[in-house]
Amino acid sequence: MIISTTKKSLITIYTLLVVLLATGKWVSAQNCGCAPNLCCSRFGYCGLGNDYCGTGCRSGPCNGAPSNNGGRVSDIVTDAFFNGIANRAPAGCAGRGFYTRAAFLNAVNSYPTFGTTGSRDDTRREIAAFFAHVTHETGSLCYREEVGGQSRDYCDENNRQYPCAPNRGYYGRGPLQLSWNYNYGPAGRSIGFDGLNNPEIVANDPVISFRTALWFWMNNCHAAITSGQGFGATIRAINSMECNGGNAGTVTSRVNYYTNYCNQLGVNPGGNLRC
């Protein structure tokens, strides 16, 4: 009886191994190696849809953690919403095809409280606010780098914690135009790249690019918008020089994008829109 059971177990294991090897899924389960636009499922397979991008997704455009009210960032930032911004960029833009929804959702996986904090309206206001600034800063996802930024190194020589590297410029790059050595240094340390010696990667790697924008947002804007301080507080956090009459035109531009996106997402923009 013991011998019979053992033989059956061995046959079952052998059959399973044959199936896995024949389909190639044994190898892919060990190391996904998925294309950037595909999810690596919790079981180690590449693909799209909830089976791959849902619970346990390891990498790629995962659906992200659900918010307190059950929604997900990927449910709010739909293809239509994201492409409605990206498609406004002219064909010759450096950001055209660089900034993608897949890269954004991949980056969001590193910041599970982004767009998931608070009520349904809170989550939508935060996402509308983030993309309002992204749209303004990049000209509708057109620019990877600040226009004319090469002529400005943005080096704060008094900052000894994150000293500037020779022949490196810390001008604006990415969706929120990350600037200054005191931002590149800690952003790189948090995300996992050498922000002081290789700031160029922010304009060359789309996932890192979005991660730097989300890093800045979570450290400077997230609490303001989710606590009800209003969109104006996020303007002050991103560019305080525009506030208090410093540049009313750019403030209006940001507010217009924000209210437009709030309308698209079906949420009231709230008060305190200007800084």
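Modeller: Buried means a relative accessible area under 20%, exposed means over 50%, and partly exposed lies in between (1.4 Å probe, protein chains only). This is a predicted model; local features need pLDDT of at least 70, side-chain atom pairs count only at pLDDT 80 or more, and totals for chains, interfaces and linings use all residues. Residues are numbered from 1 along each chain as its sequence is written, and side-chain values use heavy atoms, with hydrogens and water left out.

Colleague: Why does alanine 86 count as buried?

Modeller: Its relative accessibility is 13%. The limit is under 20%, so alanine 86 is buried. Alanine 86 sits in helix H5, residues 79-86.

Colleague: Which residues does alanine 86 contact, neighbours within four places aside?

Modeller: Arg96, Ser140 and Leu141. Contact means heavy atoms within 4.5 Å. Alanine 86 and leucine 141 are 55 residues apart in sequence, yet their C-alpha atoms are 5.5 Å apart.

Colleague: What makes the phi of leucine 141 worth a look?

Modeller: Phi is positive there, about 60 degrees, and the residue is not a glycine. Most residues other than glycine have a negative phi. Leucine 141 lies in the loop between H7 and H8. At 1% relative accessible area, leucine 141 is buried.

Colleague: What is the phi of glutamine 177?

Modeller: Near 50 degrees, again a positive value in a residue other than glycine. Glutamine 177 is also found in the loop between H7 and H8. With 10% relative accessible area, glutamine 177 is buried.

Colleague: How do you know what counts as a pocket?

Modeller: The search uses a 1 Å grid over the protein atoms alone. A pocket is an open set of points with protein on both sides within 12 Å along at least five of seven lines; a cavity is a set where a 1.4 Å probe fits but cannot get out. Lining residues have an atom within 4 Å of a point.

Colleague: How much space lies in the largest pocket, and what lines it?

Modeller: About 580 Å³. The lining has 27 residues, with Glu137, Gln177, Ser179, Ile238 and Asn239 nearest the centre. H9 gives the most, with 4 residues. By class there are 11 nonpolar, 11 polar and 5 charged residues.

Colleague: Which residue does UniProt list for "active site"?

Modeller: Glu137, in an unreviewed entry. Such annotations may be inferred rather than shown by experiment. Glutamate 137 lies in helix H7. Residues up to four places away aside, glutamate 137 touches Pro175, Leu176, Gln177, Ile238 and Arg254.

Colleague: How many of the residues score a pLDDT of at least 70?

Modeller: 83%, and the chain average is 86. pLDDT is the predictor's confidence in each residue, from 0 to 100. Over residues 1-30 pLDDT stays under 50, and the model has 12 contacts beyond four places in sequence for them. Where pLDDT is low, the predicted coordinates should not be read in detail.

Colleague: What share of the chain counts as buried?

Modeller: 45% of its 275 residues. Among contacts with a separation of 6 or more, 60% join residues 24 or more positions apart.

Methods:
Points joined across faces, edges and corners; volume = space filled by probe spheres on them. Helix = DSSP H or I, 4+ residues; strand = E, 2+ residues; numbered from the N terminus. Nonpolar A, V, L, I, M, F, W, Y, C, P; charged D, E, K, R; others polar.
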